[in-house]
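This briefing goes through a few parts of one structure, topic by topic. Please keep the sequence and the 3D view open while reading.

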Amino acid sequence: MTYGCSQGISLSVFFQLMGEWLIHHGQLDSTGMDRAMRHHDAGTSRFDQALVKLGLVNDKDLANVKAQLLGLPLVQAGEYPVTPVLDGVVNSSFFLENHIVPLCEAPHGLQVAVADPLDTFSLQALKLRYGKPIFPKVGVPAEIEAALKLQFPGIQNSSGEASIVSDDDLERLKDQAAEGPVIKLVEQLIERAVEFVSSDIHVEPFEDVLRVRFRRDGLLTDEETFPKNQAAPVISRIKIIARLDFAERRLPQDGRIRMAVRGKLVDFRVSTTPTLYGESVVLRILDKSAVLLELSALGFGADMLIDFRKALH
């Protein structure tokens, strides 16, 4: 039996089925499923993306379970063509942005490899442009990216950023990230977030601006906006100090930072996620000194505190 959102099943239900399938086949345990679901419910990342980001399931196994549940074929590595199938018919940036690789044309339609078979919007858009039915197969994201790099070296997406960054561009961006104003800006944002007892810093690129938000008491609030041209240097600076792969922009990454802020050591957990307008970064602040550990400091009344201690005992 196959499942799919096209059959009226919501994403949440589909992800629940996905988790149960992985547990049944010994590729995931219930604790890992709960962790990924918490990321999904909090809006940090989609359940399937969280599985990969947390290192619970690899890309290939995840592609296989999607193919199984949706009743779609899984693309084998040797199926990807070396040259573009629809060269000039559809803008190459469309395939980059949506992680789609045309495999072959036939009288009845077009076979394509997709990294996200749940993205029906992109498939419908391709069908309208191509004018014939589209038959999706599930591809492993890394293999799809490798095929796109081979077919379209140096193509650009709609945000104007090159999908394949040259060594010169990387060096120039690295130099920008090491400049005094960028270093100072990032340090000031981190210091301000710690001072305000924030739990998260969200650095989010949009079409025209770079937006920074702090999470305090569970609520995200706008903190500051910067010109769009500041996005790449600022995000690159964060990736450098988190020891992340500086050149990797298309895949999520996780890292850590430990730095002194106002005379005390503070740990940060760093997560990057590709978006339409560049990489988005979230820094989770792990300031142990800001945590109240005494029960007496939590606001219990005297009698209630006695009863609570008894219950704990």
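**Helix 1 and helix 2**

In this predicted model, helix 1 and helix 2 are in contact: S12, F15, Q16, G19, E20 and I23 of helix 1 meet S30, M33, M37 and H40 of helix 2. By class, this contact is made up of four nonpolar, five polar and one charged residues.

- Two packed helices are described by the angle between their axes and the distance between those axes.
- Helix 1 covers residues 11-24 and helix 2 covers residues 30-42; their axes come within 10 Å and cross at roughly 160 degrees.
- Angles over 145 degrees count as roughly antiparallel, and helix 1 and helix 2 are therefore roughly antiparallel to each other.
- The crossing in which helix 1 passes helix 2 is right-handed.

**Nonpolar cores**

- The largest nonpolar core contains 27 residues, and those with the most contacts inside it are I190, I201, V203, I238, F268, V270 and L283.

**Contacts of F268**

- Which residues does F268 touch, not counting residues up to four places away in sequence?
- F268 touches I190, V194, G255, R256, I257, M259, V261, L283, R284 and I285.
- Of these partners of F268, I190 and L283 are also listed among the core residues with the most contacts.

- S122 is located in helix 6, which spans residues 120-130.
- Is S122 buried or exposed? Its relative accessible area is 4%, and buried means under 20%, so S122 is buried.
- Not counting residues up to four places away in sequence, S122 touches F94, N98 and I100.
- T272 is in strand 8.
- The relative accessible area of T272 is 0%, so this residue is buried as well.
- With its neighbours within four places in sequence left aside, T272 is in contact with K53, K239, L244, L251, P252, Q253, E279, S280 and V281.

Key. Residues are numbered from 1 along each chain as its sequence is written. This is a predicted model: local features need pLDDT of at least 70, side-chain atom pairs count only at pLDDT 80 or more; totals for chains, interfaces and linings use all residues. Side-chain values use heavy atoms; hydrogens and water are left out. Axes are lines fitted to C-alpha atoms, for helices over the stretch in contact, and angles run from 0 to 180 degrees between N-to-C directions. Helices (H or I, at least four residues) and strands (E, at least two) are DSSP runs, numbered from the N terminus. Angles under 35 degrees count as roughly parallel, over 145 as roughly antiparallel, 65 to 115 as roughly perpendicular and the rest as oblique. A crossing is left-handed if the near helix is turned anticlockwise from the far one by less than a right angle, and right-handed if clockwise. Contact means heavy atoms within 4.5 Å. Ala, Val, Leu, Ile, Met, Phe, Trp, Tyr, Cys and Pro count as nonpolar, Asp, Glu, Lys and Arg as charged, and the others, Gly among them, as polar. A nonpolar core is a set of buried Ala, Val, Leu, Ile, Met, Phe, Trp, Tyr and Cys residues joined through side-chain atoms within 4.5 Å. Buried means under 20% relative accessible area, exposed over 50%, partly exposed in between (1.4 Å probe, protein chains only).
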